[in-house]
There are 2 protein chains.
Amino acid sequence: MARSDIPDIVIGRLPIYLRALTRLQQDGQEITSSHELGKQLGISSAQIRKDLSHFGEFGKQGTGYNVASLSSALQQILNVHHEWQVALVGIGDLGRALAHYGGFAHRGFRITHFFDSDPHKIGQAINGTPIESVDSIAEKLRRDNIKIAMITTPAETAQEVADRLIEAGIKAILNYAPIVISVPDEVRVQYIDPVIGLQRMAYYLED
Amino acid sequence: MARSDIPDIVIGRLPIYLRALTRLQQDGQEITSSHELGKQLGISSAQIRKDLSHFGEFGKQGTGYNVASLSSALQQILNVHHEWQVALVGIGDLGRALAHYGGFAHRGFRITHFFDSDPHKIGQAINGTPIESVDSIAEKLRRDNIKIAMITTPAETAQEVADRLIEAGIKAILNYAPIVISVPDEVRVQYIDPVIGLQRMAYYLED
DNA sequence: TAGATTGTTAATCGATTAACAATC
DNA sequence: TAGATTGTTAATCGATTAACAATC
């Protein structure tokens, strides 16, 4: 089945499955089933089987799935079986926290490029790598063929930064700035805004 | 229409609308339309009108919506017209970054309680408020009637922390730990894991 | 009045789930 | 063999969109 024929909502669940499988693997569990996974994730077993069926047959009737091989298959499908280098723009508290976050390493990503516009920050080292000027984004990212970037600037500069990243050939942006950015069709954007999640839950709270 | 009759997916878009309206308001724009909002957000105008229609009539034919009053209406609907106090458990780099983040203040939330299990951190002040022991979660959150919490601990302790929070009467959890936690039906959980977003986008990248 | 935009209906589209034959 | 679980089909369910009367 062609890459573009598979619903994006299915793609969105694959990383969740992968995360759960990795955890099972760490716990030393060798076999699992769509029922067990579903119960753990709050997803129906039928949905898990249907989702996986878009990509092939990974299970064994009567038994279930081998945790290691399904995990490995999902890594291949998601393109995270090797490590992507990632650029980070905006070195504030959040940017630094992400730079120090150990959770990227074994899940397919490593932040290798840091950019900021503040002359006081440029030249400072993070994880041994110097922070560079946003003016050099195009040059550096093209040189190293970087395809993924994270934006952790204030909302006011996020669109401008996005424009520079796109000019530099970036194809995937994780945007922490609380604003929707406009990008060409071939560039993907994911958003992280904690307040969106909080407000969504506040709706259901008694006041 | 009753609270529970409205699809959660609709609720999930309201904070996006509110965020865009707040921005328009800051820019001094007084009137907008479902078409303008939709174009900005990448959502169809029909969907925006349909979503809003669950809650009443907020526009004027031929004109559109008054930015200030629609914004205010959405704040009321979402229950963020007053400020919620929020507890934060896990004071690592990410916890500190959230504690210093200025973006909660005018969107309905303020972090007022900090917890950690590390004796070296307990007693330290953040924003003038001391970090307290996770052992005092139940006591402190019940005393102050806190309903919302954020978890920024490692995955290993997230479920245990969630259990404590639920025991303390918390009804909404924003979970930054990369693990699905199990909670009773009356408790809502939202997840933030940057790697999930990165992996989802990696699928579409050429390798 | 002419133009624009809402709120709403009905049609379309797509996602989820129930059920089961196949089979380990 | 009996029990369990997959992969898949068809039915159900729900969400999105097109279209338009109402009306500012």
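The surface near DNA strand C draws at least two residues from each of several elements: helix H1 (8–26) and helix H3 (45–53) of chain A, and helix H2 (34–41), helix H3 (45–53), strand E2 (59–60) and strand E3 (64–66) of chain B. Helices here are DSSP runs of H or I with at least four residues, strands are runs of E with at least two, and both are numbered from the N terminus. H3(A) gives the most to that surface, with four residues.

Before going on, the conventions. This is a predicted model, in which local features need pLDDT of at least 70 and side-chain atom pairs count only at pLDDT 80 or more, while totals for chains, interfaces and linings use all residues. Residues are numbered from 1 along each chain as its sequence is written, chains are lettered from A and ligands numbered from 1 in the order in which they are written, and side-chain values use heavy atoms, with hydrogens and water left out.

Back to DNA strand C. It is surrounded by 26 residues, and the closest are B:Ser34, B:Arg49, B:Phe58, B:Gly59 and B:Tyr65. A residue counts as near if one of its heavy atoms lies within 4 Å of the strand. By class, this surface has five nonpolar, 13 polar and eight charged residues. For that count, Ala, Val, Leu, Ile, Met, Phe, Trp, Tyr, Cys and Pro are nonpolar, Asp, Glu, Lys and Arg are charged, and the others, Gly among them, are polar.

Which part of DNA strand C lies within 4 Å of the protein: sugar and phosphate, or bases? Of those atoms, 66% belong to sugar or phosphate and the rest to bases.

Now some polar contacts, meaning pairs of N or O atoms within 3.5 Å; within protein, one must be able to donate a hydrogen and the other to accept it, and residues adjacent in sequence count only if both atoms are side-chain atoms. The side chain of B:Tyr65 places an N or O atom 2.8 Å from a phosphate oxygen of DNA strand C. For B:Phe58 a polar backbone atom is involved, at 2.9 Å from a phosphate oxygen. From chain A, an N or O atom in the side chain of A:Ser44 is 3.1 Å from a phosphate oxygen of DNA strand C.

Next, DNA strand D. Sugar or phosphate accounts for 65% of the DNA strand D atoms within 4 Å of the protein. H3(B) gives the most to this surface, with four residues. A backbone N or O atom of A:Phe58 lies 2.9 Å from a phosphate oxygen of DNA strand D, and a polar side-chain atom of B:Ser44 lies 3.1 Å from one. B:Gln61 uses a backbone N or O atom, 3.3 Å from a sugar or linking oxygen.

On to the sheets. In chain A, three strands form an open antiparallel sheet in the order E1-E3-E2. Its edge strands are E1 (31–32) and E2 (59–60), each pairing on one side only. Two strands pair if DSSP finds at least two bridges between them. E1(A) and E3(A), residues 64–66, are joined by two bridges, and A:Thr32 has A:Tyr65 as its bridge partner.

Chain A also has an open sheet of six strands with parallel pairing, ordered E8-E5-E4-E9-E10-E11. E8 (132–133) and E11 (188–191) each have a single partner strand, so one side of each has no neighbour in the sheet. E9 (148–151) and E10 (172–175) run parallel, joined by four bridges, with A:Ala149 opposite A:Ile173.

In chain B, E6 (125–126) and E7 (129–133) run antiparallel over two bridges. Their hairpin has two residues between the strands, and B:Asn127 there takes a positive phi near 50°.

Why call helix H8 (194–202) of chain A largely enclosed? Eight of its nine residues are buried, so the rest of the structure largely encloses it. Buried means under 20% relative accessible area, with exposed over 50% and partly exposed in between, using a 1.4 Å probe and protein chains only. At the start of H8(A), a side-chain oxygen of A:Asp193 reaches to within 3.0 Å of the backbone nitrogen of A:Val195.

Last, the largest nonpolar core. It has 91 residues, and those with the most contacts inside it are A:Leu74, A:Phe109, A:Met150, B:Leu74, B:Phe109 and B:Met150. Such a core is a set of buried Ala, Val, Leu, Ile, Met, Phe, Trp, Tyr and Cys residues joined through side-chain atoms within 4.5 Å. Not counting residues up to four places away in sequence, A:Leu74 touches A:Leu14, A:Tyr17, A:Leu18, A:Leu21 and A:Leu52, a contact being heavy atoms within 4.5 Å.
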